[in-house]
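Here's a quick tour of charged pairs and helix packing. Have the model open while you read.

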Amino acid sequence: MKIQLILPLLIPLTTAILSLLAWNWSTGRRAISVAGAFLLLADAAWLLATVWDDGIQVMAMGNWPAPFGIVFVADLFSAMMVVIAGVMGFAVAIYSLVTMDRGRESFGYYALLHFLLLGVCGAFLTGDLFNLYVWFEVMLMASFVLLALGGERPQMEGAIKYVTLNLISSALFLAAVGLLYGVAGTLNMADLAQKLRAPDDANLVTTIAMLFLVAFGIKAGIFPLFFWLPASYHTPPVAVSAIFAALLTKVGVYALIRVFTLLFVQDIGYTHTVILILAGLTMVTGVLGAIAQNEFRRILAFHIISQIGYMIMGLGIFTQAALAGSIFYTLHHIIVKTNLFLVSGVAHFVHGTYDLKKLGGLYKNFPGLSFLFLIPALSLAGVPPLSGFFGKLTLAQAGIASEQYVIVATALAVGLLTLFSMTKIWLEAFWKAPPQLPTEACDAKALGSRAAYYLLLSPIILLALLTLIFGFAAEAILVVSLRAAEQLMNPAEYIRAVLGKTS
Amino acid sequence: MGLVSAVLSGFVLALIAPWIYRIARGATGWLLAIFPLALFAYFLSYIGAVAAGDVVRVSYPWVPSLGINLSFYLDGLSLLFAFLITGIGALVLIYTGGYLKDHSHLGRFYGFILFFMASMLGVVLADNTMGLFLFWELTSVSSFLLIGFEHEKESSRAAALQALLVTALGGMALLGGFLLLNQAVGSWEISELVRQGDAIRTHSLYIPIVLLVLAGAFTKSAQFPFHFWLPSAMEAPTPVSAYLHSATMVKAGVYLLARMTPALAETALWTGTVTAVGAVTMVFGAAIAFRQSDLKLILAYSTVSALGIMMMLLGVGTAGAVQAMVVFLFGHALYKGALFMLAGAIDHEAGTRDVNRLAGLRSAMPVSAAAGLLAALSMAAVPALFGFYGKELFYESLAEDYLMPVLLFASVLTSMIFVAVAVLAGIKPFIGETTSSAKQPHEAPISLWLGPVTLAATGLVLGLWPSMVDKSALLPAIHAVLWRPVFLELALWHGLNPIFLLSMATLASGSGLFIFRSRLLRLFSWLDALRDCGPRNGYSLALAGLNAAAQAQTRVLQSGYLRYYLLIVVATATVLSGYKLLQDIESLSFGRLFDVTFYEAAPALLILLAAFMATRVRSRLAAIAALGVVGFSVALVFVLFSAPDLAMTQFSIETLTVILFVLVFYHLPRFAILSSAWTRARDTFVALTAGGLITAIMLKASGVELHPKISTYYIENSVPLAHGHNIVNVILVEFRGLDTLGEITVLAIAAVGVYALLKFWPGKTETR
C-alpha cells in the first residue's frame, strides 16, 4: 500500500474543498491553491520515482480485490502523465495569481482549477474503465464551469459547443463501456485485457473499440472530431486556456493509448491503421486551420489539434520506439503549448489584445519575453536541439523503421507548416511596429507593477527551462519513455501487477 | 575536447555578447574579434597534421537511445571551412562595429552573428548527421533573425520569412534524407556513411536519399529554382550579406555535397542532377547579376552564379573538377567578402548603392579603392591574383573531358560576365568623374576598410605565392572529397596553353561586356518581361495558395455550426464502427428481436412512436412531451427488468427535466422550420444509421457467450463482507464507492457553476 498513489486524488480534492471553504478569504484561497498545486507536483515526482524503482504500483480502493473493486494503477506512463499534470497545475496556479480577475477568483476559480486536476489525475491513474468515465465527468464539469465562468457572450457560445460535443463523447463512452461489459462481464482494465485477448467475436470487439476511438477521439481533438476545441479555447481567461491546452486533450490521448495498447489489440491491422490515417489527417487539418487564423490564441488552439496527430502517430505505428516517441511528444507538447498560451497572456497583459493585427513591437520593448517565446515556438516547430525535435525524430525514425513513409513525410511537412505559422506570430506580434503606440495606460500597467510582471514571467521561465532540459537531456526522458512504452507493449506486466498470478 | 569547446564556446559568447556590448560599447567589435582569431589560431595548429593526412575525431554520447552522438570530425575540408568561418568572422565583427555604430540593437546583433558563427562551425565540424542537421537549422534560424534585423521594415520581415521557409524546406528534406540514410546503413556518423558508399548506392532507398539530400543542399546554397531567397536576403545589414550570404552559410550546401560525395556520388542520378542544376544556376545568376544596378544585388546574383559553378564542378566530380571547386571556393570567399564589405562602406560613405550614380570615389576613399581594385581583379581572374587559379582549373577540368563543350561554353560565358560584374562592382564606383551625391564622401573608418583590405591583400599575396596554401590547406580538402591521392600545384605560369589563351580572351571580351553594358541591357530589355514568371513568383503563389487552401479548409471544417459538428461526429462513429460490423453482417440474427413478450414490446413501441413524434410535431411543448414519454417508457423497461430503484430515479429525473424544459422554452421565440427538406432527409439518414448501428451491436453483443460476470461476486459477498442487503447500495457505497465520490464531486462542481453563472457577471465584478 503506497500512499503516493492515492495522494494525486486526495491533494487536489482537499485543496478544492479548502478553497471553497475559504470563499470569502482571498489571500487564503491563493495560498491554498499554490500550496496544493506544489504538493501535487511533489507527490507526483515521488510516485514516478517509486514506479521507476519498484515497478507498477497498484492500490485497491476500499481493499476490494480486483477485478471486483476499483483499483488505481500507476505504470510509468501514468506516473509521467501525473507528474506533467502536476507541473502544469503549479505553473498555472502561479500564473493565475496575476492574471485572474477578482470576480472569477471569488466565484470558485481556484476550487474549479483543482477539481479539474482531480479529474485529470484520476483519469491517469484509474485501472477501471467505468471509473475512468467518472473522472471524465469530473473533468468535463469542472472545465465546463471554468469555461463558462463569467458568462461573457463568446464564452457562452464556446461553452455550449464544448459541452454538447463532449456529452456526445460521454454518451458514446458510456454506451461502449456497457457493450463491453456485456461482452466481457467486467470493468477492470487488466481483467478486460485478459478476457479480450482471445475474444469469441473479434469483429464485435473491434466494433466496440471504434466507439471508444470516437469517444476518446473527441476528447483528444483528432480529425474529424475536434470542433469543440477551436470553438472554445480562445474564449476564457488565458490561464484557463493554458490549463485546458495542457491537459484536456491529453487525457483523451492518454485514454486512447491506454485502451489501444491494453484492451484493443485484436485487430491492429484495422484499428491501428485507422488511427494512423486519422493521425495524418489530424496533423494536416490542424496546421492548416492554424495558418488560416489571425488571432494569437486561435492559432495556438489549432496547433494543439495538429500536434495531437503526432501523439497518436506513435500509437498507430505501434512499436515500442513509436510509443516512446508518442509519450515523449506528449510531454514535450504539454510544456511547450502551455507556455505559448502563457506568453500570449503576457502579450495580452501589456497590449490588451490577442489580435495579431493590433499587436506589435514586443521584440523591441520586451526582448526577454521575445526570447522566451522563441524557445517554445521553435520547439513546437521541431527545431533542434529543443524538445520537439527529439520527439519528432523518435517518431520519424520509428515510422521509417516500420516503413510508414507517408506518415513520416506528412509529419515532417507539417513541421515546416508549423514553423510558418509560428513565424507569423513572431512577425506580427513581436517584430512589426505596433499599429499605434501602446497607450499610457498599458505601459503604466506593465511597468508600474514590475513585481507582477516578473511573477507573470516566472512560470514561463520554468517551462522554457523544461523545454531546454527536454532537449539537451533528451536521453533521460527518452529512457523513461522507452521503458514506459515497453510496459505498454507488454501488458502482461500490468495484468500481473493488478490481478496477481491469475493469468 | 578541444573541438567540442571550439564549437560550443561560441554559443556561450553569443549569449553574453549583449552584456559585453553594454560595457565595451564602441570597442565591442574589436574585443569580440579576439574570439574567432583565437579559434583561427587553434585551427592553424592542426594544419600540419591534417596536411599529413591525419583526421581528428571526438565523440561523446548525447542521446544514445537514438544513436545520436556529439561527435566532431576535422579533416582537410572541415579545416578549410573553419579557416574561412573564423577568419572572415573576425573581420566581420570588426566591420560590424563601424557599420552599425550606435544602432540600438547592436548588442543583439553581435549575439546573433556569434550564434551564427558557432552554428556554422558546427555544420562543418559535425560528424553525426543529426549534429550537422542541428547546426544547419541553427544557421537558418540565425540567418532569419539577422535578415529581419531591421524588423520594423515590412520588406525585411518578408525577406526573413522567405529565407527561413526556403531553407527550412530544404532542412526538412535533409532530415528525411538523413533518416533514410540511417535506415539504410544503420549509422548517423558521416565518417561511417562515407565508408559505406557502395552499400548506399545499391540500396533501394538510394534515389529518395539523393533527392532529399540534394534538396537540402540546393535550397541552402541558393540553387535554381530556390535561388530567389538570397537576393531578397540583401535586406540584411551588409555585414550579414558579406558573412552569411556570400562567404559562409550559402556554401553549406556545397560543403554538404562535397562531404557526401564519397557516400552518394558517381551515379548518373547524382552527376546529372548536380551538374545540370549547378550549370543552370551559374548561367542564370550571372545573367541577372549583369542587369542589376544595386551593388548588393549585383554581388548577390554573382554569388548565386558562383555557387552554381561550385555545384556544377561537384557534379562533374572528376579529380580536376573537385580541385577546381575547392580552389574556386577559397578564392571566391576572399574576393566576394571584400566586395560586399566595400559595398557597405560605399553605401555608408556615399549614401547610395546604385552603380549608375557611383563614380570617382577614388580620391575620397583611396584605401577602399585599392581594396576594390584588387578584389575586382581577383574576381575577374586576372593573373597574379588568387581568383585566377580557380578559373584556370575550372576551364581545365571542363576541357579535359571533350564531352562537355556545352558546359565549357556556358562557363566561358559566365566568366565573361564575371569580369564585367567585377569591374562594375569593384572598380567603377572609384573611377571616372565624381558625381554629385547626397553625402560628401570621405574615407571609411578603419573598422570598415580593414576587412576588405585584408581579404583583398590576401588574394594578392596568395596569388603571387600560391604555394603558401596549395598543399597545406587546399590539397587536404580535395583529398577529403575525392578519397584518392591527387596532385595540386598552383603555378602562375603554365606556359602558353589553350586554356591560358581562353582566359585572356575571356578577360578581353568581359571588359567589352562592361563597356557596352548599357547598350546590351537595352538590347535585351525584352527579357525583363520574364521576370514575372520566375521562381520568386512561384514562391508568392505557393504562399498565397497555401493561405487560400487553409482558409477554405477551415471554413468548411470549422464552420461554426454545431449541427454540422454533431453530424460529422455521429457519422464518423457510424462509419468507423459500422465498417467492421458489416464484415460479418450475415451472423446477425434478427430472430432474437422478436423473441419478446407483449409487455416488453409495448414500451419499446412507445419509445419508437414518441421519438418519431418528437421529430415531427410543430410545437416545442409537444416535442418536450414526446421526449418525456421516451424517458418514462425507458423507466418502464427498468421496472420490467426488476430494477425498481433505477426506475424511481428515472421517473423523478424525467419529471424534473420536462418541467425545466417547459420553463426555459417558454421564453424562446416561436417555433419555425428553418431546415430544408434535403437537410432533414440527410439528418434522418444519419440518425437512423447511427441508431441502426447501435441496435446491431446490441444484438451481436447479446448473442455472445458471456464470461462469468463480476456481478456474481457482489451477490455473494454483499452480506457477509459488506454487511448490506441492498446490493445496489452496497455497490454504490462500498464496492465502487470511488465512483460515487466522483459523481458527488461532479454535483458539487455543478452547484458552484450554477451559483456562479447566476450571481457573477463580469460587468459588476466586485459582487462579493
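This is a predicted model: local features need pLDDT of at least 70, side-chain atom pairs count only at pLDDT 80 or more; totals for chains, interfaces and linings use all residues.

Let's start with the charges. Over all chains, the count comes to 25 salt bridges. Three of them are set out here:

| Pair | Closest N to O |
|---|---|
| B:Glu189 and B:Arg57 | 2.7 Å |
| B:Glu192 and B:Arg195 | 3.5 Å |

B:Arg736 is buried at 7% relative accessibility, and A:Asp128 is buried at 0%.

B:Glu189, in the loop between helix 7 and helix 8 of chain B, and B:Arg57, in strand 1 of chain B, are 132 residues apart. Here B:Glu189 is buried at 9%, while B:Arg57 is partly exposed at 38%. As for the last pair, B:Glu192 is partly exposed at 26% and B:Arg195 is exposed at 57%.

There's also a network of salt bridges linking A:Asp101, A:Arg104 and A:Glu152.

Now for a charge without a partner. A:Glu475, in helix 21 of chain A, is buried but has no salt bridge, and the nearest side chain of opposite charge, A:Arg483, is 14 Å away. Beyond its sequence neighbours within four places, A:Glu475 touches B:Trp62, B:Val63, B:Pro64 and B:Ser65.

Finally, the helix pair. The axes of helix 1 and helix 5 of chain B come within 7 Å and cross at roughly 175°, so the two helices are roughly antiparallel. The residues of this contact divide into 16 nonpolar, 5 polar and 1 charged.

Key: Residues are numbered from 1 along each chain as its sequence is written. Chains are lettered from A and ligands numbered from 1 in the order in which they are written. Side-chain values use heavy atoms; hydrogens and water are left out. Helices (H or I, at least four residues) and strands (E, at least two) are DSSP runs, numbered from the N terminus. Buried means under 20% relative accessible area, exposed over 50%, partly exposed in between (1.4 Å probe, protein chains only). Lys and Arg count as positive and Asp and Glu as negative; His and the chain ends are not counted. A salt bridge is a side-chain nitrogen of Lys or Arg within 4 Å of a carboxyl oxygen of Asp or Glu. Contact means heavy atoms within 4.5 Å. Axes are lines fitted to C-alpha atoms, for helices over the stretch in contact, and angles run from 0 to 180 degrees between N-to-C directions. Angles under 35 degrees count as roughly parallel, over 145 as roughly antiparallel, 65 to 115 as roughly perpendicular and the rest as oblique. Ala, Val, Leu, Ile, Met, Phe, Trp, Tyr, Cys and Pro count as nonpolar, Asp, Glu, Lys and Arg as charged, and the others, Gly among them, as polar.
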